[in-house]
Amino acid sequence: MRRVVARVDWFVVSLLLAVVVASFFPVRGQAAEGLEVAVVVAVGWLFFLYGVRLPTKEAVDALRDWRLHGSVLAVTFIVFPLLGLAVQLVPSSVVPHDLKLGLLFLTLLPSTVQSSIAFTSIARGNVAGAVVAASFSNLAGVVLTPLLVAGLLGGAVGFAVDSIGTIGLQLLAPFVAGQLLRRWIAPWVLAHKRLTTLTDRGSVLLVVYSAFSHGVVDGIWTTVDVGSVVAVVVLCCVVLAVVLTFTSVLGKKLGFSRADRVVLLMCGSKKSLASGVPMATVLLPAASVGIMVLPLMIFHQIQLIVCAVIARRMGDAAEPEPART
């Protein structure tokens with residue numbers, strides 16, 4: 001029992017509880033307006049922290065090993081979106097239109113940071129390379145994800161040119177501010193990881209509660225049934241399986257060392273829930289955010305379970321190999 005409890009992702013449990021609470025007690029009226037202001041502040045805070053935590057030197061160092069990190073970026077922002085577009089071919093009678101758009105949205109997001117690095121370490125891969133690849137993916141995602149959403153989802157979700165200013169104000173400005181101030185703030189943030197983790201995860205929970213409150217008020221659960229959720233789970237598994245297979249084959253074709261193949265496998269197959277949820281509140285209409293982040297929440301849990309198993313087996317099966325220089 002202790003082993004099972006230790007493996008539970010309590011952040012995901014908290015997210016599910018936020019969905020349940022929003023389903024039964026959605027915020028309405030003036031309270032909803034106040035919550036929208038709080039969400040704007042929370043999103044700004046999240047991206048400010050991302051800017052503080054990301055060492056600029058790591059992003060610059062990424063250019064030195066352009067084949068590895070370019071491959072991770074290509075899988076994250078080209079291969080994944082192509083799969084997201086392929087999912088749109090699934091009949092709406094199987095998966096509702098908004099959920100299919102949610103599946104496409106999740107494929108446009110950057111990679112995770114913490115889990116990518118952790119799984120690379122467990123699999124005895126190039127940890128330093130994973131740190132750079134995951135960080136560089138998130139840095140690129142601040143720019144590339146909004147562009148991809150505008151290009152691939154713009155017509156479907158009503159993405160307007162005016163949204164570019166909002167993106168700059170809520171995402172880029174706090175991120176740049178964090179980068180500019182990290183020299184003075186980063187030591188304190190790194191020394192109080194528990195506090196900053198609680199605040200940024202609390203912000204994500206607030207965003208999820210707000211998103212699903214909007215969705216419930218607009219009738220989200222009248223368009224989503226158990227069959228649709230099961231179909232989304234299956235599609236998430238298929239997308240993840242294709243990406244894992246592709247990154248595994250690509251690493252060998254490009255002649256990467258085993259350590260670097262692990263980086264491509266672990267960093268290239270992830271999508272960030274922590275970045276994706278706040279991005280959704282800025283890039284997508286408020287009424288559709290709840291249903292469109294549901295596939296992301298499902299994919300997040302599946303990728304953690306599957307990649308944890310793969311990483312542990314890889315780590316047990318092979319000795320560490322020096323990274324390619």
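Predicted model: local features only at pLDDT ≥ 70, side-chain atom pairs only at ≥ 80, totals over all residues.
Colleague: Where is confidence highest in the protein?
Modeller: pLDDT is the predictor's confidence in each residue, from 0 to 100, and the protein averages 82, with 86% of the residues scoring at least 70. Confidence is lowest in helix α1 (residues 2-7), at a mean of 56, while the highest mean, 95, belongs to α11.

Colleague: How many helices does the protein have?
Modeller: Helices (H or I, at least four residues) and strands (E, at least two) are DSSP runs, numbered from the N terminus. There are 0 strands, and the count of helices is 14.

Colleague: What share of the residues count as buried?
Modeller: Buried means under 20% relative accessible area, exposed over 50%, and partly exposed in between (1.4 Å probe, protein chains only). Of the 325 residues in the protein, the buried share is 51%.

Colleague: Why is helix α12 largely enclosed by the rest of the structure?
Modeller: Helix α12 covers residues 258-268. Its buried residues include Arg258, Asp260 and Cys267.

Colleague: Which residues make the nonpolar surface patch of about 420 Å²?
Modeller: Patches are made of residues with over 30% relative accessible area and no salt bridge, joining like charges within 9 Å and nonpolar side chains (Val, Leu, Ile, Met, Phe, Trp, Tyr) within 5 Å. A salt bridge is a side-chain nitrogen of Lys or Arg within 4 Å of a carboxyl oxygen of Asp or Glu. Val238, found in helix α11 (residues 226-253), counts as partly exposed because its relative accessibility is 45%. The patch is made by Val226, Val230, Val234, Val238 and Val242.

Colleague: How far does helix α10 reach from its first C-alpha to its last?
Modeller: The expected span of a helix is 1.5 Å times one less than its number of residues. Helix α10 (residues 193-217) has 25 residues, and its reach is close to the expected value, at 36 Å.

Colleague: Which residues is Ser210 in contact with, leaving aside its neighbours within four places in sequence?
Modeller: Ser210 lies in helix α10 and counts as buried because its relative accessibility is 7%. Contact means heavy atoms within 4.5 Å. With those neighbours left aside, the contacts of Ser210 are Leu35 and Val39.

Colleague: What separates the C-alpha atoms of Ala32 and Ser213, in Å?
Modeller: Ala32 sits in helix α3 (residues 29-53) and is buried, with a relative accessible area of 13%. Ala32 and Ser213 are 181 residues apart along the chain, yet their C-alpha separation is 8.5 Å.

Colleague: How far apart in space are Phe48 and Gly178, C-alpha to C-alpha?
Modeller: Phe48 is another residue of helix α3, and at 16% relative accessibility it counts as buried. Not counting residues up to four places away in sequence, Phe48 touches Pro174, Phe175, Ala177, Gly178, Leu181 and Ile185. Phe48 and Gly178 are 130 residues apart in sequence, but from C-alpha to C-alpha the distance is 4.7 Å.

Note on methods: Residues numbered from 1 in each chain as written. Heavy atoms only, no water. Areas by Shrake-Rupley, 256 points an atom, 1.4 Å probe, with all protein chains shown as cover.
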